[in-house]
Amino acid sequence: MSTLPLTSLVTLVTIILFFFMGLRVAKARGTYNIPAPATSGDPIFERHFRVQMNTLEWLPMFLPALWLAAIWQSDMVAAGLGLVWIIGRIIYMLAYVADPKTRSLGFVIQMLATLVLILLTLFHIGSSML
């Protein structure tokens with residue numbers, strides 16, 4: 001039995017969201033006739049692609065920060081911040097595809113959630129070393 005069920009659930013939702021973004025890219029390839037391996041051609045396709053790639057760029061920071069915060073802080077706090085990150089990524093995705101100039105709110109939300117996860121972990125590790 002896991003002692004971190006909420007963080008596990010948030011991790012699964014994160015994976016599902018990333019999978020969904022991949023499906024949106026695949027659908028956009030067909031809609032805008034962008035054959036693989038091309039990654040440019042239609043601005044709307046490129047927006048879908050960049051949303052997925054930007055999310056991929058953030059996953060190596062977010063997931064370890066999420067799990068370290070769950071271990072050092074608490075499952076509930078980490079999962080709550082993980083949900084904030086997911087909401088930020090959804091806002092980012094919808095805004096970026098609609099108009100890339102409007103992506104900032106979603107980006108800032110997920111960035112701050114990641115930063116708080118990192119800082120919480122640093123604080124707890126530092127406290128334990130004193």
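Figure 1. Leu115 belongs to helix 4, residues 104-129; helices (H or I, at least four residues) and strands (E, at least two) are DSSP runs, numbered from the N terminus. Together with Val108, Met111, Leu112, Ile118, Leu119 and Leu122, Leu115 makes a nonpolar surface patch of about 580 Å². Patches consist of residues with over 30% relative accessible area and no salt bridge, with like charges joined within 9 Å and nonpolar side chains (Val, Leu, Ile, Met, Phe, Trp, Tyr) within 5 Å. Accessible areas come from the Shrake-Rupley method with a 1.4 Å probe, and for residues only the protein chains shown count as cover. Residues are numbered from 1 along each chain as its sequence is written, and side-chain values use heavy atoms, without hydrogens and water. Because the model is predicted, local features need pLDDT of at least 70 and side-chain atom pairs count only at pLDDT 80 or more, whereas totals for chains, interfaces and linings use all residues.

**Figure 2. The buried residues of helix 4.** Helix 4 has 26 residues and reaches 37 Å from its first C-alpha to its last, close to the 38 Å expected at 1.5 Å a residue; the expected span is 1.5 Å times one less than the number of residues. Gly106, Gln110, Ala113, Thr114, Leu117 and Thr121 are buried in this helix. Helix 2 and helix 3 are among the elements that cover these buried residues. An α-helix has 3.6 residues a turn, so residues three or four places apart point the same way.

Figure 3. Gly88 is found in helix 3 and is buried, with a relative accessible area of 0%. Apart from neighbours within four places in sequence, Gly88 is in contact (heavy atoms within 4.5 Å) with Gly106, Ile109 and Gln110. The C-alpha atoms of Gly88 and Ile109 are separated by 4.9 Å, although these residues are 21 residues apart along the chain.

**Figure 4. The largest nonpolar core and its surroundings.** A nonpolar core is a set of buried Ala, Val, Leu, Ile, Met, Phe, Trp, Tyr and Cys residues joined through side-chain atoms within 4.5 Å. The largest such core has 23 residues, of which Val51, Phe62, Leu66, Ala78, Trp85 and Leu117 touch the most other members. The elements giving two or more residues to this core are helix 1, helix 2 (43-72), helix 3 (75-98) and helix 4. Helix 3 gives the most, with 9 residues. A second, separate core of 5 residues includes Val25, Ala28, Ile34 and Phe45. In soluble globular proteins, nonpolar side chains tend to be buried together.

**Figure 5. Thr11 and Leu66.** Thr11 is placed in helix 1, residues 5-31, and counts as buried at 13% relative accessibility. Not counting residues up to four places away in sequence, Thr11 touches Leu63, Leu66 and Trp67. With its neighbours within four places in sequence left aside, Leu66 is in contact with Thr7, Val10, Thr11, Ala78, Ala79, Gly82 and Leu117.

**Figure 6. The salt bridge between Glu57 and Arg50.** A search of the whole structure finds 1 salt bridge, defined as a side-chain nitrogen of Lys or Arg within 4 Å of a carboxyl oxygen of Asp or Glu. The side chains of Glu57 and Arg50 meet in it, at 3.3 Å from N to O. Glu57 is partly exposed, with a relative accessible area of 43%, and Arg50 is partly exposed as well, at 31%.

Figure 7. Phi of Asn33 is near 55°, a positive value in a residue other than glycine, and the peptide bond from Ala36 to Pro37 is cis, with omega near 10°. Most residues other than glycine have a negative phi, and most peptide bonds are trans. Asn33 is exposed, with a relative accessible area of 64%; Ala36 is also exposed, at 63%. Ala36 and Ala95 are 59 residues apart in sequence and 25 Å apart in space, C-alpha to C-alpha.

Note on methods. Buried < 20%, exposed > 50% of the residue type's maximum accessible area, 1.4 Å probe, protein only.
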